[in-house]
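Colleague: I have a model open and would like to learn how to read it. Could we go through some features together?

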Amino acid sequence: MWWWAAVAVGLAVVVVVDGVVRKAHAWYWVGSLGAERRARLPPGDMGWPLVGGMWAFLRAFKSGKPDAFIDSLVGRYGRTGLYRSFMYSSPSVLVTTPEACKKVLMDDVAFVNGWPEATLNLIGTRSFTSPAMPRDEHRRLRKLTAAPVNGSTALAAYLGFIDHNVTSTLRRWSSSSEPVEFLTELRRMTFLIIVRIFMSRAAEDEGTMAALEQSYSELNHGMRAMAINLPGFAYHKALKARRKLVAVLQGVLDDRRRCPRQASVDMDMMDRLIEVEDEGGRRLEDEEIIDMLVLYLNAGHESSAHITMWATVFMQENSHILSKAKAEQEEIMKNIPLTQKGLTLRDYKKMEYLSQVIDETLRFVNISFVTFRQATRDVFVNGYLIPKGWKVQLWYRSVHMDPQLYSEPNKFNPSRWEGPPPKVGTFLPFGLGPKLCPGNDLAKLEISVFLHHFLLGYKLTRENPSCRIRYLPHPRPVDNCLAKVTRVSSNEY
Ligand code: HEM
């Protein structure tokens with residue numbers, strides 16, 4: 001019996017030590033706030049030093065139950081919408097309801113970007129992601145970079161080459177007797193599109209493209225990993241990839257400076273970034289241009305490729321959705337004059353059901369499940385205090401999977417998007433407010449063009465349909481959706 005007593009004493013010691021360490025850690029961050037401010041903090045738990053809530057977060061995501069993390073907070077503290085925690089080495093407030101997310105997202109004075117330092121080291125400290133970028137500078141550079149990827153004129157200009165890129169890619173896959181890694185190939189396709197928009201000539205250089213693709217793939221693997229900079233760890237590899245990426249982009253930039261473009265009509269984003277001046281005549285430094293490109297090229301292909309893959313997979317898995325989406329595309333085709341080459345924006349705007357399929361995929365997949373801010377001063381949200389300097393995590397995933405907002409949230413149901421648009425703050429795949437994703441229109445266009453051609457002429461047969469899903473950094477099947485793409489009709493162009 002003595003060993004039972006020893007186990008009981010051991011357990012009691014663990015419980016006491018755990019309690020003491022947690023209290024000491026919480027006190028370290030919260031103690032200095034003073035009694036009054038402390039009392040207004042949202043409920044929560046700072047966990048152990050260094051680790052905080054990261055174990056629970058990683059455990060939930062790595063065990064295939066990503067919602068378990070926020071669900072456990074709601075279960076313990078109620079649906080308060082804000083919870084305090086310690087994440088990515090910082091005291092943090094996790095925001096999980098539409099009203100609270102909206103309040104944070106619309107206020108770019110009280111909240112600046114708050115990406116974890118480890119992520120900033122990968123994506124760069126001189127672009128939009130930087131907390132230090134002044135608000136006016138952010139607005140000026142956003143105007144410069146967002147206009148060429150947004151609005152009807154810009155989109156119409158890209159539609160031709162997106163269409164061409166999609167059709168040639170689908171033909172290439174279907175002519176291969178071997179299965180392809182569907183996600184990897186889609187990434188390649190969306191990457192080519194974004195590189196064409198940003199640094200047109202580089203897209204034609206196979207060596208540059210291969211080096212960029214490889215580096216981005218490694219960079220992304222390290223993006224949400226623990227920041228352990230030791231050989232063998234994903235973060236260490238990602239840092240190396242960033243160095244390679246910067247070297248390749250610097251090479252392209254040097255070439256561009258040596259042979260600047262003559263005609264302004266041919267200008268791509270790199271030319272615009274080189275030429276832009278602020279009111280004082282200051283031009284951007286190379287580091288700023290490169291960081292802006294690192295950000296845009298990454299943001300501009302990863303998410304679109306994932307959403308395209310999932311929308312295709314979900315439609316294939318739900319025959320009634322597939323048939324309805326296909327019927328819509330066939331109807332659109334019937335009304336296209338024989339003399340018309342390729343799709344137009346007018347055709348695209350008729351793809352109402354397809355747009356619902358894409359919105360539902362965005363909600364259901366939650367590719368950007370969280371974004372980051374930092375409080376520049378004490379702010380009250382829903383009556384709770386977010387102390388100055390604390391990080392804020394906006395949990396879009398928990399908004400999109402909330403049964404009070406979306407009935408049967410775990411069911412893929414595009415028809416839920418029929419009728420009026422959702423209430424502001426309840427659908428946040430692209431964020432909201434001054435930092436709303438500037439590529440949202442472009443992303444929806446390229447996804448739609450792909451699905452249009454796919455629905456009219458192709459079929460996907462997965463090698464491992466029930467393959468495990470990995471949720472970090474983005475939800476994807478571990479086999480990258482290994483599949484055969486078969487041409488089943490010549491209905492498309
Ligand atoms: C399905 C595709 C996409 C999704 C789901 C997506 C989602 C998002 C989200 C959630 C944000 C963060 C907003 C925030 O911090 O509040 C964001 C920011 C951003 N996205 Fe996208 N995005 C997509 C495609 C694109 C494309 C195609 C581009 C490039 C043309 C792009 C460029 C950017 C940039 C530059 C930012 C930073 C904006 C800023 O801080 O001002 N994204 N995106």
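Colleague: How many bridges join β9 and β12, and in which sense do they pair?

Modeller: First, the idea. Helices (H or I, at least four residues) and strands (E, at least two) are DSSP runs, numbered from the N terminus. Two strands pair if DSSP finds at least two bridges between them. Here β9 (residues 458–462) and β12 pair in the antiparallel sense, over 5 bridges. R462 stands opposite A483 in β12. A483 is also the bridge partner of V180. That contact belongs to β4 (residues 180–181), which pairs antiparallel with β12 (residues 482–487) over 2 bridges.

Colleague: What should I know about the numbering and the model?

Modeller: Residues are numbered from 1 along each chain as its sequence is written. The model is predicted: local features need pLDDT of at least 70, side-chain atom pairs count only at pLDDT 80 or more, and totals for chains, interfaces and linings use all residues.

Colleague: Which strands pair with β2?

Modeller: In a regular strand the side chains alternate between the two faces of the sheet. Now the case. β1 (residues 82–87) pairs with β2 in the antiparallel sense over 6 bridges. R84 stands opposite V93 there. The hairpin has 2 residues between the strands, and Y88 takes a positive phi near 45°. β2 also runs parallel to β8 (residues 391–395), joined by 4 bridges. S92 stands opposite K391 in β8.

Colleague: Is β2 mostly covered or exposed?

Modeller: A residue is buried if 20 or more other C-beta atoms lie within 10 Å of its own, exposed if 12 or fewer, and partly exposed in between; C-beta atoms are placed from the backbone. In β2 (residues 90–95), 5 of its 6 residues are buried. The strand is mostly covered.

Colleague: Which residues of α4 are buried, and where do they point?

Modeller: An α-helix has 3.6 residues a turn, so residues three or four places apart point the same way. In α4 (residues 68–77), the buried residues are F69, I70 and L73. They fall within an arc of 90° seen down the axis, so they line one face of the helix. That arc is taken from the directions from the helix axis to the C-beta atoms.

Colleague: What do they pack against?

Modeller: Contact means C-beta atoms, placed from the backbone, within 7 Å. The buried residues of α4 pack against α3 (54–62), β1, β8 and α18 (396–400). G78 follows α4, with a positive phi near 90°.

Conventions. Two residues are in contact if their C-beta atoms, placed from the backbone, lie within 7 Å.
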